[in-house]
Amino acid sequence: WNIPYEWMDSDFAVSREQVNMYLTSQPDVPWVTLRYIIAEVNYGGRVTDDKDVRLISAVLNGYFNKGMLDDKFRFAGLDAYYPPKEGSLEETRAYLK
């Protein structure tokens, strides 16, 4: 980041709620919409540097994409960071521990 930004817990909470809303109300994952809302609206309203605007979009492109549904997907290309396999709430909680 070129400028320090004061992200708030509410930025994350709103983004999480919107992801949940879109995933439960639409038959397909609206990748472009999710990236836009989170990068440009929720967080982007605080970002003032043009390079930081590009950065936040690039970061979200790496996380919010169809590839993350592939079992071989790794966040940031690191083997330790991957989404849990589809399963029950208990299985997801166990994965997070």
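Biologist: Is Trp7 buried, partly exposed or exposed?

Modeller: Partly exposed, because its relative accessibility is 33% (buried is under 20%, exposed over 50%, partly exposed in between, with a 1.4 Å probe and protein chains only). Keep in mind that this is a predicted model: local features need pLDDT of at least 70, side-chain atom pairs count only at pLDDT 80 or more, and totals for chains, interfaces and linings use all residues. Residues are numbered from 1 along each chain as its sequence is written, and side-chain values use heavy atoms, without hydrogens and water.

Biologist: Which rings does the aromatic cluster contain?

Modeller: Trp1, Tyr5, Trp7 and Tyr43 make up one cluster. Rings of Phe, Tyr and Trp (its six-membered ring) pair if their centres lie within 6.5 Å; planes under 30 degrees apart are stacked, over 60 edge-to-face, the rest tilted. By that rule there are seven aromatic pairs. Trp1 and Tyr5 are edge-to-face, because their centres sit 5.9 Å apart with planes at 80 degrees.

Biologist: And what about Trp7 and Tyr43?

Modeller: Also an edge-to-face pair, since the centres are 5.1 Å apart and the planes at 75 degrees. This pair links distant parts of the chain, 36 residues apart: Trp7 is in the segment before helix H1 (9-25), Tyr43 in helix H2 (residues 31-43). Helices here are DSSP runs (H or I, at least four residues), numbered from the N terminus.

Biologist: New topic: which residues of H2 touch H3?

Modeller: Arg35, Ile38, Ala39, Glu40 and Tyr43, where contact means heavy atoms within 4.5 Å.

Definitions and conventions. Helices (H or I, at least four residues) and strands (E, at least two) are DSSP runs, numbered from the N terminus.
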